[in-house]
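Please examine the sequence and the model first.

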Amino acid sequence: MEANDYKGKVKPSWCPGCGNHAVLMSLRKAMATLDYQTHETAIVSGIGCSSRFPFFMSTYGFHTIHGRALPVAIGLKQAKPETKVIAVGGDGDGLSIGGNHFIHASRKNPNITYIMMDNEIYALTKGQCSPTSRTGTTTKCNPYAWTADRINPVLMALSFNASFVARGHSGNIKQLEELILKGLEHKGFSFIHVISPCIQYNKVSSYEKIKEIVKDLPENHDTTDRANAMKYAFAPEGLYTGIFYKDNRPTYEERYQEIIKKAKQNYTNDVTLEDIMKQFQ
């Protein structure tokens, strides 16, 4: 497979310069490296600019309702475990209405990859503040200032014990491709936070300003040390990029299959409904 093999029939409708273009290109390259087959892969999204993603891919796609990409992706993986499932969405979709799903996906550890494109704004609806908007941001809906504290997606994922946590940004496509590649290879819930600037509605977090504060995690960073990863996620001196944390533990699907196995051992074809009901009397 080549990266261009994953191009969908619909051309990307994002604004020229949108950070999501880099994510689309990086994912296609990573999938080509791993030789993902289009008929064995599904892209699941919610609602928002970044959630148009499935239309621009030649894989199977599922454009769900706002904030529901993760439960649909988990259900798809459960029903068709042989399918490679990738969930995509924005900061508003994943951290506002979809925030609870993010928590439970992290702790359940389904074998899917979740790419969150964070532009710190609701761009599709023309510039309202999102959960990651910086305090003091002004928009048409908040002409004086945004007063809420912003959410830290990487710190959240680490707190919820996601088994793979990474951050990249659209200004570094080479690193972003590598992070997505490692996330796809990971067995379990891999969360990749992408700083994806919106050049149209967010003048606070531009490419130039992001470039000033982005820095790579130290080469000697221990990706098995979750507490230390939180220190870098919480660091006030800048936005670190790279793999923060990686843990190899049983996936949601593996644990579920163990339950089925145990259930089959306890119940044979000779067991009647009356036998089962007696347990609840």
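## Model and confidence

The term pLDDT denotes the predictor's confidence in each residue, on a scale from 0 to 100. Helices (H or I, at least four residues) and strands (E, at least two) are DSSP runs, numbered from the N terminus. In the protein, confidence is highest in strand β1 (residues 41-45), at a mean of 98, and lowest in helix α10 (residues 273-277), at 81. The mean pLDDT of the protein is 92, with 99% of its residues at 70 or more.

The model is predicted: local features need pLDDT of at least 70, side-chain atom pairs count only at pLDDT 80 or more, and totals for chains, interfaces and linings use all residues. Residues are numbered from 1 along each chain as its sequence is written, and side-chain values use heavy atoms, leaving out hydrogens and water.

## The sheet

Eight strands make up an open sheet of mixed pairing, in the order β2-β1-β3-β4-β6-β5-β8-β7; two strands pair if DSSP finds at least two bridges between them. At the edges are β2 (60-63) and β7 (214-216), each of which pairs on one side only. From one strand to the next, the twist averages 20 degrees.

Strands β7 and β8 are parallel and share three bridges, and K215 has Y240 in β8 as its bridge partner. Helix α6 (residues 173-185) packs on the sheet, where it touches β3, β4, β5 (164-169), β6, β7 and β8; contact means heavy atoms within 4.5 Å.

## Strand β4

Strand β4 (residues 113-118) has six of its six residues buried, where buried means under 20% relative accessible area, exposed over 50%, and partly exposed in between (1.4 Å probe, protein chains only). T113, I115 and M117 point one way, and Y114, M116 and D118 the other. In a regular strand, side chains alternate between the two faces of the sheet.

Strand β4 runs parallel to β3 (residues 84-90), with five bridges, and parallel to β6 (residues 190-195), with six. M116 is the bridge partner of G89, and H193 in β6 is the bridge partner of M116.

## Helix α8

In helix α8 (residues 226-234), N228, A229, Y232 and A233 are buried. These residues lie on the same side of α8 because they cover an arc of only 145 degrees around the axis, the arc being that of the directions from the helix axis to the C-beta atoms. The buried residues of α8 pack against α5 (153-159) and β8 (239-246), while the face turned away from the buried side carries the exposed residues A227 and F234.

Terms used. Axes fitted to C-alpha atoms, helices over the stretch in contact; angles between N-to-C directions.
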